[in-house]
Amino acid sequence: MKDFSLSDVRLFTKAAQLGGLTPAADVLNVPKASASRQLQRLEATVGHLLLHRGSTRFALTEEGREFLVAAQHVLTILDDVMLNLSSGGGAVTGRLRIAVPHYYGRELLMSHLPAFMTAYPQLEVVVETGNDRADLFRDEADVAIRRGRDGCDELVARHLKHEPLMLCAAPTYLVPHPAIESLQDLAAHVFLTTDAEGRKREINLATAEKSHRVRVESVFQSDDLELILQLAISARGIALVPVSLAQPQIEQGLLVPVLPQLHLKPQEINLVYLPSRRNSPKIKTFVDYVLSIFRAF
């Protein structure tokens with residue numbers, strides 16, 4: 001196997017990020033003529049053209065896209081190690097990017113993130129809500145909190161908790177609509193659900209025994225559970241939401257349970273990250289911190 005020059009790899013990743021060799025050379029303080037030679041040298045080492053480049057076109061080739069993912073992982077790991085070593089192994093430094101769903105992210109982070117940031121003041125924390133499906137392989141985030149295990153096969157998934165779910169609706173929605181006593185009665189109703197559960201005019205209701213596919217009148221989909229809850233309160237349909245989110249509204253009489261005897265299967269909440277980054281100081285520190293919180297419950 002041929003040896004790579006890290007400076008060549010870093011130039012390539014920066015060019016892919018900025019959309020050109022010239023801006024990448026400027027940022028990395030590399031002469032423009034040298035930048036072109038470095039890219040050619042890297043392509044010769046890899047044995048493939050990595051970038052289409054010309055007067056009107058600059059884009060990754062298929063091989064370039066594949067190499068970029070691996071290159072970003074390697075550089076991130078090395079940067080993490082160098083930061084840790086330069087700080088004497090004591091301080092956790094760098095930037096930690098966290099991708100979380102709207103509701104679950106706020107539920108966790110609002111209560112516990114301030115203490116984490118106080119404990120690690122040299123760590124820059126960046127949180128993106130509503131993006132729990134961030135592609136970690138494309139370096140869109142360092143860690144993510146996700147609902148369910150879809151897309152987690154190639155990731156390290158650390159279980160946080162099981163979130164009970166329920167169907168609920170506003171009394172003002174239910175009164176003028178057909179009564180609901182069984183799954184079959186749901187067909188005449190409008191549903192409010194996340195994009196993970198709803199699809200066109202069909203919903204999936206999973207119980208411990210089986211998964212029920214139900215054809216309904218229509219489905220409103222959003223990845224924002226709090227938006228779904230507000231629409232349910234406004235009598236726009238039947239919501240499928242976490243019990244913890246709906247319970248305060250039920251206690252106030254704004255919502256009522258629908259088919260409570262159904263006993264829906266709880267949703268699994270996981271913290272995920274790349275296997276190659278399990279030893280990154282900033283990721284390990286955050287993962288250990290979050291897991292310690294949930295072990296306390």
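Reader: Let me start with one residue. Leaving aside its neighbours within four places in sequence, which residues is D224 in contact with?

Author: D224 touches H102 and R106, where contact means heavy atoms within 4.5 Å. Keep in mind that this is a predicted model, in which local features need pLDDT of at least 70 and side-chain atom pairs count only at pLDDT 80 or more, while totals for chains, interfaces and linings use all residues. Residues are numbered from 1 along each chain as its sequence is written, and side-chain values use heavy atoms, with hydrogens and water left out.

Reader: Where is D224 found?

Author: Look in the loop between strand 12 (218–221) and helix 7 (225–233). Helices (H or I, at least four residues) and strands (E, at least two) are DSSP runs, numbered from the N terminus.

Reader: And does D224 count as buried or exposed?

Author: Buried means under 20% relative accessible area, exposed over 50%, and partly exposed in between (1.4 Å probe, protein chains only). D224 has 18% relative accessibility, so it counts as buried.

Reader: What about the chain as a whole: what share of its 297 residues is buried?

Author: Buried residues make up 44% of the 297. The chain has 9 helices and 15 strands. If you take the contacts with a separation of 6 or more, 71% of them come from residues 24 or more positions apart.

Reader: Strands next. In what order do the 5 strands of the open sheet stand?

Author: Two strands pair if DSSP finds at least two bridges between them. Here the order is 12-8-13-7-14, and the pairing is mixed. Strand 12 and strand 14 (256–258) each have a single partner strand, so they stand at the edges, and one side of each is left without a neighbour in the sheet. On average, neighbouring strands of this sheet are turned by 35° against each other, direction ignored.

Reader: How many residues of strand 13 are buried?

Author: In strand 13 (residues 238–242), 5 of 5 residues are buried, so to speak mostly covered. Strand 13 runs parallel to strand 8 (residues 190–193), and 2 bridges join them. With strand 7 (residues 165–169), strand 13 pairs in the antiparallel sense over 4 bridges. There, L165 has P242 in strand 13 as its bridge partner.

Reader: How many bridges pair strand 7 and strand 14?

Author: That antiparallel pairing has 3 bridges. In strand 14, P257 is the bridge partner of C168.

Reader: Which strands does helix 7 lie across?

Author: Axes are lines fitted to C-alpha atoms, for helices over the stretch in contact, and angles run from 0 to 180 degrees between N-to-C directions. Helix 7 lies across strand 8, strand 12 and strand 13, and runs at about 140° to strand 13. Helix 8 packs on the sheet too, where it touches strand 7, strand 13 and strand 14, and its direction makes about 120° with that of strand 13.

Reader: How do I read two helices that pack together?

Author: Two packed helices are described by the angle between their axes and the distance between the axes. For helix 7 and helix 8 (residues 243–251), the axes come within 11 Å and cross at roughly 25°. That makes the two helices roughly parallel. (Angles under 35 degrees count as roughly parallel, over 145 as roughly antiparallel, 65 to 115 as roughly perpendicular and the rest as oblique.) On the helix 7 side, L225, E226, L229 and I233 meet L245, A246 and Q249 in helix 8.

Reader: At what angle do helix 1 and helix 2 pack?

Author: Helix 1 (residues 6–18) and helix 2 (residues 21–28) pack at about 120°, with their axes 8 Å apart. They are therefore oblique to each other. R10, L11, K14, A15 and L18 in helix 1 meet residues of helix 2, including L21, P23 and A24.

Reader: One last feature: how should I read phi?

Author: Most residues other than glycine have a negative phi. L259 has a positive value, near 50°. L259 sits in the loop between strand 14 and strand 15 (267–273), and L259 is buried, with a relative accessible area of 8%. H263 has a positive phi near 50° and is found in the loop between strand 14 and strand 15. At 62% relative accessibility, H263 counts as exposed.
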